[in-house]
Amino acid sequence: MTDPHPPRVLVVGAGIVGLALAWRLLRGGASVTVVDAEPPGEGGASFGNAGAISASSVAPLALPGLLRQVPRMLLDRAAPLHVPPAYWWRAAPWLARFVAAARPAAVSRATAALDQLLHLATEQHHALAREIGAPELLRANGQLYIYRDAAQLAKDAPAWEIRRRHGARLEKLDRAGLTALEPAIGEAYRLGMFLPDHTHCASPLRYARRLGEAFRQAGGTILRDRITALATSDGRIAGAQGEAALHQAEVVVLAAGAWSARLAAPLGYRIPLESQRGYHVDLADSGVTLTRPVIPADRKVFITPMEGALRVAGTVEFGGLDRPRDAARAELLYGDLAAVFPDAKVTRATDFWMGHRPCLPDSVPVIGPARRVPGLWFAFGHGHLGLTGSAPTAELLAPAILGRPSNQDLAPFAAERFAGA
């Protein structure tokens, strides 16, 4: 039976996480409005991500041995993960938590949480794409990680073992195996790990836009407004204040990506959310034909075949939400492409993209109720796995918001796991 008084839900954030959740809530009978300063998929990281849907990416970024890498992060401008000197002191508390998250017990907890969230991600995305009429966007051709030699592969052995223990199907390839899948890979790369069950999205922006269109067509509302504060009344959530209006709702879901911690802070939440700024360049005529994402382990980038372009996406730069983007970081991506595909036409694009990945030290997103503010829910902090985690987050969280029975445990994702939250 349809609820005669469905809850009014306001989702703050029109990125892929917020849109997927809004869709699932609407399909569950709620009255749902999404509000964001940008159109669906155009803010945050949803527009510019690498397109990977990686259900087996359950190893957190912080793994044992991380401390040895910190000096390079601080001093090497060309490092895949870089902290500009002007941001060292701002980043220090987050980096200290990040190093602490590499302890074995913390890694075990994070891995279990990520596996709970992501293990059905591929099936959930294919179901979502069919529901919104865009199944062609998902390409089930696997993902290919490549290595120069056995020593380089051995450095990643702990992460591959974590994936294997959690059910990932892995195929180790020699040079002939690499070129059988992607003939254009340069001679420098001799070994690979192939994940045949992984998928990628050929246009993350079109995926988000189509999801927004389907949401509207099904009766949902999308508003353009920049949210400046969450509104409360008598100790519970009452809506969200925008630059243009106060948006009232009985239930508010904070899914504003890297901006979420700023909005939660006035309510007493001190969540260690950092923007790991990512870059991409799209090459319309690279001369390289790929079937699947190729990930060179030494370069820490994804080279992905997109609709109409080859996308090189990666690098991690700490710099907060307000620091200008750095063209030098984008320039590194052309070198990454040339290193993997020596025959590529490395013609500089007229522009590049920089976006904010909302990252938490343990790599586990915050998903669930804000216990000190009834009616407020959190859905942010997915880091490098925002696209992958969007459909699973919707499946995990929507039943709880709607008060439906569920056997899912939200405790591993609670904001309260952080001191001060």
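Is Thr315 buried or exposed? Thr315 counts as buried, because its relative accessibility is 5% and the cut-off for buried is under 20%. The model described here is predicted.

Thr315 lies in strand S18, which covers residues 309-318. Its phi is near 65 degrees, a positive value in a residue other than glycine. Most residues other than glycine have a negative phi.

Lys300 is another case, with a positive phi near 55 degrees. Lys300 is found in the loop between strand S16 (294-296) and strand S17 (301-306). Lys300 is partly exposed, because its relative accessible area of 47% falls between the limits of 20% and 50%.

## The nonpolar core

The largest nonpolar core holds 57 residues. Val11, Leu21, Leu25, Val32 and Tyr207 are the residues with the most contacts inside this core. Helix H1 (residues 16-27) gives the core its largest share, nine residues. In soluble globular proteins, nonpolar side chains tend to be buried together.

With neighbours within four places in sequence left aside, Val32 is in contact with Val9, Val11, Ala22, Leu25, Leu26, Phe215, Gly220 and Thr221.

Trp89 lies in helix H3, which covers residues 88-100. Trp89 counts as exposed, because its relative accessible area is 78% and the cut-off for exposed is over 50%.

## Salt bridges

The count of salt bridges comes to 24. One of them joins the side chains of Glu131 and Arg24, at 3.2 Å from N to O. This pair links distant parts of the chain: Glu131 is in helix H5 (residues 121-131) and Arg24 is in helix H1, 107 residues apart. Glu131 is partly exposed, at 31% relative accessibility, whereas Arg24 is buried, at 16%. Arg24 and Glu131 also belong, with Glu395, to a network of salt bridges.

Two further salt bridges involve loops. The side chains of Asp298 and Arg148 meet at 2.7 Å, N to O. Asp298 is in the loop between S16 and S17, and Arg148 is in the loop between strand S6 (143-147) and helix H6 (150-155), so this pair too links distant parts of the chain, 150 residues apart. Asp298 is partly exposed at 26% relative accessibility, and Arg148 is partly exposed at 29%. The side chains of Arg325 and Asp351 form a salt bridge at 2.8 Å, N to O. Arg325 sits in the loop between S18 and helix H11 (327-340), while Asp351 sits in the loop between H11 and strand S19 (353-359), 26 residues apart. Arg325 is partly exposed, with a relative accessible area of 39%, and Asp351 is partly exposed at 44%.

Where does Arg417 lie? Arg417 is in the segment after helix H12 (386-401). Arg417 counts as partly exposed, with a relative accessible area of 28%. Between Arg417 and Ile271 there are 9.4 Å in space, C-alpha to C-alpha, although the two are 146 residues apart in sequence.

Which residues does Arg417 touch, not counting residues up to four places away in sequence? They are Leu360, Asp362, Val364, Pro365, Val366 and Pro412. With one of these residues, Asp362, Arg417 makes a polar contact between side chains, at 2.8 Å. The side chain of Arg417 also reaches the backbone oxygen of Phe413, at 3.2 Å.

Methods:
Residues numbered from 1 in each chain as written. Predicted model: local features only at pLDDT ≥ 70, side-chain atom pairs only at ≥ 80, totals over all residues. Heavy atoms only, no water. Helix = DSSP H or I, 4+ residues; strand = E, 2+ residues; numbered from the N terminus. Buried < 20%, exposed > 50% of the residue type's maximum accessible area, 1.4 Å probe, protein only. Core = buried A, V, L, I, M, F, W, Y, C linked by side-chain atoms within 4.5 Å. Contact = heavy atoms within 4.5 Å. Polar contact = N/O pair within 3.5 Å; in protein donor to acceptor, adjacent residues only side chain to side chain. Salt bridge = Lys/Arg side-chain N within 4 Å of Asp/Glu carboxyl O.
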